[in-house]
Amino acid sequence: MNAAEVTEERLRQLIARGFKFVHPRDESGDITAIVGVRPHDNVIDVVQLRTEDDAIALRMAGDTKDVLAPEAHSWRSEGPAPRVLDELLSLPDVPVEEEEGQGTTGCWIHTSKNRAKWVPAS
């Protein structure tokens, strides 16, 4: 399987886990990234694919205000999409240290200058 096929398969696996995808755009309307978000329990998992060799994934607190530019995170991976997606898929659903507490209901993702999309928790 080539890198594009691996990336496509991993994205299908993320969708099966409950990730929702949005496509933020720049001022001219061009897609800047493919962004997958999964609010669950009391965390939010986010992956941004800018190119096949430039991906970033993070796990952050469920009350994070800006999930595309968080101030803090509990886990992070950056690099080629297949590796980053594999690492994201290997994360446990709920980190042991974060099992207590209230869960998140979802998060807003800004998709363009004046638009945002609500992604509910799964």
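Predicted model: local features only at pLDDT ≥ 70, side-chain atom pairs only at ≥ 80, totals over all residues.
User: What volume does the largest cavity have?

Analyst: Rolling a probe the size of a water molecule over the atoms shows where empty space is left. The volume of the largest cavity is about 50 Å³.

User: Which residues does Leu88 touch, not counting residues up to four places away in sequence?

Analyst: Leu88 is one of the core members that touch the most other members, and Leu88 also lines the largest cavity. Leaving out residues up to four places away in sequence, Leu88 touches Leu14, Arg17, Phe19, Asp45, Val47, Ala57 and Trp75.

User: Is Met60 buried or exposed, and what is its relative accessible area?

Analyst: Met60 is found in strand E4. Its contacts, not counting residues up to four places away in sequence, are Asn42, Val43, Ile44, Val46, Val67, Pro70, Ala72, His73 and Ser74. The C-alpha atoms of Met60 and Trp75 are separated by 7.2 Å, although the two residues are 15 apart along the chain. Met60 is buried, and its relative accessible area is 0%.

User: Why does Thr7 count as buried?

Analyst: Thr7 is found in helix H1. Its contacts, leaving aside neighbours within four places in sequence, are Glu52, Ala81, Pro82 and Leu85. Buried means under 20% relative accessible area, and Thr7 counts as buried because its relative accessibility is 8%.

User: How far apart are the C-alpha atoms of Ala81 and Asp53?

Analyst: Ala81 lies in helix H2 and is buried, with a relative accessible area of 1%. Ala81 touches Thr7, Leu49, Thr51, Glu52 and Ala55, not counting residues up to four places away in sequence. Ala81 and Asp53 are 28 residues apart along the chain, and their C-alpha atoms are separated by 5.8 Å.

User: Which backbone oxygen does the side chain of Thr64 reach, and at what distance?

Analyst: Thr64 is found in the loop between E4 and strand E5 (75-79). Its relative accessible area is 17%, and Thr64 is therefore buried. The side chain of Thr64 reaches the backbone oxygen of Ala61 at 2.8 Å.

User: What phi does Asp41 have?

Analyst: Most residues other than glycine have a negative phi. Asp41 is found in the loop between strand E2 (34-40) and E3 and is partly exposed, with a relative accessible area of 40%. Although Asp41 is not a glycine, its phi is positive, at about 50°.

User: Which backbone nitrogen does the side chain of Asn2 reach at 3.0 Å, and which lies 2.8 Å from a polar atom of that side chain?

Analyst: Asn2 is placed in the segment before H1 and counts as partly exposed at 42% relative accessibility. The side chain of Asn2 reaches the backbone nitrogen of Ala4 at 3.0 Å. The nitrogen lying 2.8 Å from a polar atom of the Asn2 side chain is the backbone nitrogen of Glu5.

User: What pattern does the protein chain follow along the sequence?

Analyst: The protein chain has two helices and seven strands. Of its 122 residues, 42% count as buried. Read along the sequence, the pattern is α-β-β-β-β-β-α-β-β.

Note on methods: Residues numbered from 1 in each chain as written. Heavy atoms only, no water. Core = buried A, V, L, I, M, F, W, Y, C linked by side-chain atoms within 4.5 Å. Buried < 20%, exposed > 50% of the residue type's maximum accessible area, 1.4 Å probe, protein only. Contact = heavy atoms within 4.5 Å. 1 Å grid on protein atoms, 1.4 Å probe; cavity = no way out; pocket = protein on both sides within 12 Å on 5 of 7 lines; lining within 4 Å. Points joined across faces, edges and corners; volume = space filled by probe spheres on them. Helix = DSSP H or I, 4+ residues; strand = E, 2+ residues; numbered from the N terminus. Polar contact = N/O pair within 3.5 Å; in protein donor to acceptor, adjacent residues only side chain to side chain.
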